Amino acid sequence: MLFLRRLFSMAAEPLNQPTDLIGYFQQQTPQILSAAGGGVAAATGLESLSWLHNVAPCFPLRGEQIQVINEPKHFYETLLQRSASARERIVLASLYLGTGQLETNFVQTLRKTLQQQSSLRVNVLLDFTRGTRGEMNSKTMLLPLIQDFSEQFQLSLYHTPNLRGLTKRLVPARWNELLGLQHMKVYLFDDAVLISGANLSNDYFTNRQDRYILIEDKPLADFYAGFISRVQEFSLTVQKDAEVGLHRNWQYLPYEGTKEDFINTAKKSITDFMQDVYKEQQRVCNESKDADSWIFPLVEMGQIGIHHDSVVTKRLLSNCIENSRLKLATGYFNLTQEYMDTLTHKCLAQCSILMAHPNANGFQGAKGPAGGIPAAYTLIAKSFYESLVRRKQNHRVNFFEYEKQGWTYHAKGLWYYLPQSKLPNLTLIGSSNFGERSVNRDLETQVCLVTANEGLSQSLQHENERLFNQSTTAENQITTRPVPRWVQAVVGLFRTFF
């Protein structure tokens with residue numbers, strides 16, 4: 001009983017880095033969901049995670065409503081099948097849409113469904129700089145749908161407010177993407193939500209390993225449809241003539257006028273939306289009787305001053321209890337200093353960190369400075385490992401590198417195992433790489449999934465094993481692998497950009 005009291009008192013402690021959004025959640029009356037209410041504490045052993053209910057909207061559901069997808073080809077097949085069968089709405093949020101044959105097939109599927117279903121509405125949110133790169137790009141791929149289905153199809157391109165003035169005029173394509181991107185990966189079909197870290201392009205459909213979870217739940221689908229609609233309001237709308245303009249509900253261009261006006265208004269729009277959803281979901285959770293799994297959507301929009309996902313993630317890391325296990329994956333090892341400090345000083349779990357081997361890194365062999373990025377990730381991992389050694393924590397944190405012939409690696413997230421548990425009790429999945437960009441430069445979302453459903457936990461375990469089975473221990477490699485001198489010289493200056 002004393003142990004449980006300690007856990008609940010930890011859950012009531014204020015977060016270290018409040019924002020308006022987090023601050024609002026903290027002001028709510030603390031509620032630990034009871035077994036009768038079907039909440040997080042309903043399952044024995046999950047009490048230490050009950051604080052999540054106070055910092056994010058909670059969507060209760062059954063484990064049978066959640067499907068773990070493991071292969072890129074199955075991800076692509078799911079996109080095609082769901083696009084073909086949608087009747088009311090399709091919402092796609094991604095960094096970009098590729099221009100190859102598989103992407104063309106996907107666009108043609110959307111076209112056919114729009115022709116067949118006059119009531120269907122399709123909303124697409126991509127990044128402006130990435131989505132307009134080159135003569136053939138995401139915008140040109142989708143422009144025919146805008147022209148032929150103007151009442152049914154909307155394409156929005158998020159433009160960072162950090163790209164403006166001389167910087168916007170002088171910084172060339174590709175380089176301008178360093179300042180901030182729309183990085184969320186949410187694919188919604190009627191009442192189903194596919195959360196992933198994968199973009200809509202050929203590699204992600206064939207030989208680029210990521211993670212993908214399909215959730216059948218109307219309230220969650222309504223949440224993400226509404227949330228993405230809010231982001232679309234302060235994004236640029238692509239018109240029939242291929243020009244871009246303001247959304248009908250918006251008045252501030254992201255690259256003109258006062259930057260603060262754009263940021264403050266966008267922040268308020270998202271914060272108000274999240275507050276409303278939070279209050280409604282509190283009521284729903286209290287009335288839920290048969291849930292065995294709980295989804296907590298997390299958002300991160302450092303460009304407009306919203307740090308929600310990163311604060312919750314940090315608290316997850318620091319609240320890991322003794323004898324628990326944590327497995328963390330990222331395609332690009334560039335953890336924030338706060339995350340590394342938390343893992344070193346406050347996390348009590350046994351940790352395994354999975355990252356891409358240089359041969360499985362998407363930047364391997366790239367032209368120009370980008371070709372040095374895999375070496376930069378090695379250097380950052382080496383620095384973290386040496387820090388763990390100095391603080392005598394290296395026995396608790398192990399490093400692994402994913403390598404599969406002909407494949408690249410882009411999977412990210414974490415799996416958390418309570419003491420004595422052989423299966424994951426919690427996972428994070430979404431677009432965040434847990435790095436400096438994810439926290440400060442890009443728009444991100446991921447979901448925190450807590451489950452007491454054994455079948456779902458087994459699926460998550462299988463997913464985790466598939467990834468780690470393609471890896472080898474990496475402490476020796478990251479400490480002995482040569483890093484070019486020029487990378488060593490510049491990595492500290494440019495770390496927040498990749």
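Predicted model: local features only at pLDDT ≥ 70, side-chain atom pairs only at ≥ 80, totals over all residues.
UniProt positions are given here in the numbering used for this chain, and such annotations may be inferred rather than shown by experiment. With that understood, the UniProt record, an unreviewed entry, places the feature "domain: PLD phosphodiesterase" at residues 178-204.

Two packed helices are described by the angle between their axes and the distance between the axes. For helix α11 (residues 309-318) and helix α12 (residues 337-345), the angle is about 15° and the axes are 9 Å apart. Because angles under 35 degrees count as roughly parallel, α11 and α12 are therefore described as roughly parallel to each other. The crossing in which α11 passes α12 is right-handed. On the α11 side, the contact is formed by Asp309, Ser310, Thr313, Lys314, Leu317 and Ser318, which meet Glu338, Tyr339, Thr342 and Leu343 of α12.

Side chains of opposite charge can pair when their charged atoms come close. The structure holds 17 salt bridges, and one of the salt bridges joins the side chains of Asp148 and Arg111, with a distance of 2.9 Å from N to O. Asp148 belongs to helix α6 (residues 138-148), whereas Arg111 belongs to helix α4 (residues 101-116), so this pair ties together parts of the chain that are 37 residues apart in sequence.

Conventions:
Residues numbered from 1 in each chain as written. Heavy atoms only, no water. Axes fitted to C-alpha atoms, helices over the stretch in contact; angles between N-to-C directions. Helix = DSSP H or I, 4+ residues; strand = E, 2+ residues; numbered from the N terminus. Parallel < 35°, antiparallel > 145°, perpendicular 65-115°, else oblique. Left-handed = near helix turned anticlockwise from the far one by under 90°. Contact = heavy atoms within 4.5 Å. Salt bridge = Lys/Arg side-chain N within 4 Å of Asp/Glu carboxyl O.
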